[in-house]
Amino acid sequence: MARQRHTDIMNAASMGHGKKPSERDSKICVACGRPFSWRKKWERDWEHVRYCSDRCRKAGKKD
Ligand SMILES: [Zn+2]
């Protein structure tokens, strides 16, 4: 019944046991001033992220 167990794991993940993704850290973009929330692509670098997008990062670097 490996298949059944796999399904249970998937359900547990999608049910959001523990923190919801939306309740993870969020920050204010220093370039545009808008709040943005954690994204998968930042999981390794979140503490250093200051901009909501590459566009803002480029804009922020300039000045
Ligand atoms: Zn921004």
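This report describes the fold of a predicted protein model and the surroundings of two of its residues.

## Basis of the model

Residue numbers start from 1 along each chain as its sequence is written. In this predicted model, local features need pLDDT of at least 70 and side-chain atom pairs count only at pLDDT 80 or more, while totals for chains, interfaces and linings use all residues.

## Overall fold

The protein has two helices and two strands, where helices (H or I, at least four residues) and strands (E, at least two) are DSSP runs numbered from the N terminus. Along the sequence, the pattern is α-β-β-α.

Of the 63 residues, 2% are buried. A residue is buried if 20 or more other C-beta atoms, placed from the backbone, lie within 10 Å of its own, exposed if 12 or fewer do, and partly exposed in between.

## Cys-29

Cys-29 sits in the loop between β1 (26–28) and β2 (35–37). Because 18 other C-beta atoms lie within 10 Å, Cys-29 is partly exposed.

Cys-29 is in contact (C-beta atoms, placed from the backbone, within 7 Å) with Arg-34, Phe-36, Tyr-51, Cys-52 and Cys-56, leaving aside neighbours within four places in sequence. Cys-52 is 23 residues from Cys-29 along the chain, and their C-alpha atoms are separated by 5.4 Å.

## Trp-46

Trp-46 belongs to the loop between β2 and α2 (54–62). Trp-46 has 13 C-beta neighbours inside 10 Å, so this residue counts as partly exposed.

Not counting residues up to four places away in sequence, Trp-46 touches Asp-25 and Trp-38. The C-alpha atoms of Trp-46 and Asp-25 are separated by 8.9 Å, with the two residues 21 apart along the chain.

Conventions
Two residues are in contact if their C-beta atoms, placed from the backbone, lie within 7 Å.
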